[in-house]
Amino acid sequence: MQAETFRDGGLGFGAQEVVSTSVIHLAWSTRTEMILREGVWGPRCFSQDFSRESMIDWLEEIRRESYAPGFGTWTSCKVYLYPDSAGRLEAFDTELLRPAHETTIPDRPADALTLLQDLKAFPRTLDNIPQWMWTVFRAEGVTPPVYNPQLKTVERANKRLPVTENGTDFSVQPEIIDPSKEPGIFAKIGKKLFGS
């Protein structure tokens, strides 16, 4: 990525630093770059961009590999690139949204459906769903998918799918949940969440 960024004609040609900020959801993503040239920060030229493989595919792979069952994965990141030294990646469990500016409109936060899709793919236990996500779910009256650590599954709408180290396995048919056969405390939580 460094060679592509700082090559002749590249996004960061002649720059001292490039900072790329991304918010990534399964349904949509946003990305902005700020470039430091001759001591002045500015946005990227719209005709220049990273290749899909060097930035988008790479970030999606890192996000999948960062998933920890029950704990989730990050939502936003900053990639710092330099022409003569190693870059770095900072990941955040919140949305890094751009505020309104005279030349841009503000980024929109994710809605409940967007967050639901993310949690279905990268499920978390109830305690690991961050407050900012709960605020969106409550405002829109949506019950999020929940990771069941006993069974290593994600559960939503009385259906259950297996979860691997890299997220939910969508290649199998979901199992229908029978609340009367659920073990222990998760049965009570399941009944409360899923209304069974």
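The side chain of T114 makes a polar contact with the side chain of W28, at 3.4 Å. A polar contact here is a pair of N or O atoms within 3.5 Å; within protein, one must be able to donate a hydrogen and the other to accept it, and residues adjacent in sequence count only if both atoms are side-chain atoms. This is a predicted model, in which local features need pLDDT of at least 70 and side-chain atom pairs count only at pLDDT 80 or more, while totals for chains, interfaces and linings use all residues. Residues are numbered from 1 along each chain as its sequence is written, and side-chain values use heavy atoms, with hydrogens and water left out.

Let us stay with T114 for a moment. T114 belongs to helix α3, residues 112-121; helices (H or I, at least four residues) and strands (E, at least two) are DSSP runs, numbered from the N terminus. With a relative accessible area of 5%, T114 is buried, where buried means under 20% relative accessible area, exposed over 50%, and partly exposed in between (1.4 Å probe, protein chains only). Leaving aside residues up to four places away in sequence, T114 touches H25, A27 and W28, a contact being heavy atoms within 4.5 Å. W28 has another neighbour: R108 lies over the face of W28, at 4.5 Å from the ring centre.

Now look along the whole of α3. This helix is mostly covered, with 7 of its 10 residues buried; among them are L115, D118 and L119. Against what do the buried residues of α3 pack? Their partners are β1, α2, α4, β7 (153-156) and β9 (167-168).

Next come the aromatic rings. The structure holds 2 aromatic pairs; rings of Phe, Tyr and Trp (its six-membered ring) pair if their centres lie within 6.5 Å, and planes under 30 degrees apart count as stacked, over 60 as edge-to-face and the rest as tilted. Y67 and F122 form a tilted pair, 5.7 Å centre to centre with 45 degrees between the planes. This pair links distant parts of the chain, 55 residues apart: Y67 is in the loop between α2 (53-66) and β4 (76-81), and F122 is in the loop between α3 and α4 (131-140). Y67 counts as buried at 4% relative accessibility, and F122 counts as buried at 7%. The rings of W134 and F137 have centres 6.5 Å apart and planes at 75 degrees, so this pair is edge-to-face. Both residues lie in helix α4, 3 residues apart, about one turn of the helix. W134 is buried with a relative accessible area of 16%, and F137 is buried with 0%.

The nonpolar cores are our next stop. A nonpolar core is a set of buried Ala, Val, Leu, Ile, Met, Phe, Trp, Tyr and Cys residues joined through side-chain atoms within 4.5 Å. The largest one has 13 residues, and V18, F50, L59, V79 and L81 have the most contacts inside it. β1 (17-24), α2 and β4 each supply at least two residues of this core, and the largest share, 3 residues, comes from β4. A second, separate core of 12 residues includes A112, L116, V136 and F137.

Finally, step back to the whole chain. There are 5 helices and 10 strands, and buried residues make up 40% of the 196 residues.

Conventions
Lys NZ or Arg CZ within 6 Å of the ring centre and 35° of its normal.
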